[in-house]
Amino acid sequence: MLFRKTLIQEMTWVAMAVFAVLLLLVMTTQVVRLLGQAAIGALASSAVWAMMGFAAVRYLPILMSLMLFVSVLASMTRLWRDNEMVIWFASGRSIRNFIAPVLEFSLPVVALIAVLSLVVSPWALKKGNEFREKSMSRQEVTQVAPGVFRESPSADRVYFVENFTNQTNAGNNVFVQMKKDKNISIIMAEKGGMFLDANGERWLWLGKGRSYQGEPGKIEYDSVTFDHAQLRIETADRPATSPNTQATSTLDLLGTDSAEKNAEIAWRLSLPLSALILTLAAIPLAFFNPRGGRALNLVVAVFLYFVYYSMVNIMQAWVADGKVPMWINMWPLHVFAAVCVFGLYVWRSNSRSVS
């Protein structure tokens with residue numbers, strides 16, 4: 001009873017501290033990112049704090065997974081560093097006896113990660129996208145700000161619109177300049193506006209205008225007149241699955257033949273499964289050897305953690321692209337990780353029995 005109670009209590013306090021630090025770091029980065037989007041018009045300024053809340057809910061499964069791993073690793077490392085493990089081993093305990101209290105501490109959190117990953121996070125992403133669209137439709141100032149020349153982040157586009165009308169959320173007298181290699185394209189339209197497509201990408205629509213394209217310093221220019229045109233605003237690299245798929249509920253993703261949707265389901269299931277595997281792996285990885293340096297085991301453990309999650313993301317991209325059959329999915333990765341964890345327990349148990 002003392003063995004179980006002491007270990008669980010220590011891991012709980014460490015987990016609370018780690019979660020608070022991780023949440024603060026994520027919220028800080030999200031505030032910077034969202035304020036940057038609001039500054040260039042990609043997000044309405046009034047929606048920054050609401051979007052930060054949706055982002056916090058979305059990242060909770062990953063934060064809790066990292067919290068579990070770090071808390072178990074830190075607690076077990078302290079036992080090795082303070083020679084308490086020697087006392088437990090002398091009392092007849094083995095490294096396998098730590099599995100039960102660690103599971104008692106981690107299984108409720110793993111179950112919560114599963115609920116967040118399968119249900120809450122897609123809902124938060126969907127509501128966040130809807131809130132972003134509504135706020136942008138009410139916002140008069142977008143990336144094409146009225147009366148102001150705006151340059152794109154890559155400095156190859158310039159936007160200008162004379163004014164906005166509240167009734168249609170459209171702008172009048174739109175000007176766009178684009179640079180590509182040595183050529184410059186200039187577009188002038190009587191009206192224009194912003195909209196989001198099903199994948200969450202931003203587009204600029206233009207009506208009744210003319211486009212000029214040519215190389216500066218030369219008299220040859222191509223001119224095109226149009227009644228309606230669309231121009232995609234610069235976006236970041238697309239993830240393995242589209243934002244529309246990420247915001248789809250898990251029940252709606254089931255029973256589909258789409259590789260992208262199956263990859264999304266596999267990724268959601270991987271979060272609680274990988275959290276459990278990594279939490280169990282933290283027990284043998286916490287082995288502390290004073291001759292090897294105080295931080296060596298921590299560096300190795302954190303490296304293996306990020307390698308595992310990087311492989312999960314890579315496998316998701318492969319499944320979405322059809323490089324890995326859907327019936328195989330990510331299961332070979334998780335089985336391999338579980339076998340490696342079992343091997344770590346056998347190795348540590350043998351090393352203790354020999355010593």
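Predicted model: local features only at pLDDT ≥ 70, side-chain atom pairs only at ≥ 80, totals over all residues.
Okay, the overall picture. The chain has 355 residues, and 42% of them count as buried. It exposes about 19,100 Å², with carbon and sulfur atoms supplying 63% of that. If you take contacts between residues at least 6 apart in sequence, 59% of those join residues at least 24 apart.

Now, the UniProt record. The entry is unreviewed, and under "transmembrane region" it lists residues 56–77, 98–125, 265–288, 295–320 and 326–347. How does the model look over a couple of those? Residues 56–77 come out as 100% helix and 0% strand, with the end C-alpha atoms 29 Å apart. Residues 98–125 are 96% helix, again with 0% strand, and there the end C-alpha atoms sit 37 Å apart.

Let's go inside. The largest nonpolar core has 66 residues, and the ones touching the most other members are Phe 69, Val 72, Met 76, Phe 98 and Ile 283. The largest share, 17 residues, comes from H2.

Setting aside neighbours within four places in sequence, Met 76 is in contact with Leu 7, Met 85, Phe 98, Ile 283 and Ala 286. There's also a second, separate core, this one of eleven residues, including Val 176, Met 178, Leu 204 and Phe 226. Hold on to those names, please.

Before we get back to them, a stop at Pro 284, which lies in helix H7, residues 259–285. Is Pro 284 buried or exposed? It's buried, because its relative accessibility is 1%, and the cut-off for buried is under 20%. Beyond its neighbours within four places in sequence, Pro 284 is in contact with Ile 95, Leu 344, Tyr 345 and Arg 348. And here's one I like: Pro 284 and Arg 96 are 188 residues apart in sequence, yet 9.3 Å apart in space, C-alpha to C-alpha.

Next helix along, H8. It has 26 residues and reaches 37 Å from first C-alpha to last, close to the 38 Å expected at 1.5 Å a residue. Its buried residues include Asn 297, Tyr 305, Tyr 309, Gln 316 and Ala 320. Just after H8, Gly 322 takes a positive phi of about 85°.

Now the strands. S5, residues 202–214, and S6, residues 221–232, pair in the antiparallel sense over eleven bridges.

Last one: Ser 185, in strand S4, residues 183–196. Ser 185 is buried, with a relative accessible area of 13%. Aside from neighbours within four places in sequence, its contacts are Val 176, Gln 177, Met 178, Tyr 212 and Gln 213.

Key
Residues numbered from 1 in each chain as written. Heavy atoms only, no water. Buried < 20%, exposed > 50% of the residue type's maximum accessible area, 1.4 Å probe, protein only. Contact = heavy atoms within 4.5 Å. Areas by Shrake-Rupley, 256 points an atom, 1.4 Å probe, with all protein chains shown as cover. Helix = DSSP H or I, 4+ residues; strand = E, 2+ residues; numbered from the N terminus. UniProt positions renumbered as here; feature names shortened; annotations may be inferred. Pairing = 2+ DSSP bridges. Core = buried A, V, L, I, M, F, W, Y, C linked by side-chain atoms within 4.5 Å. Expected span 1.5 Å × (residues − 1).
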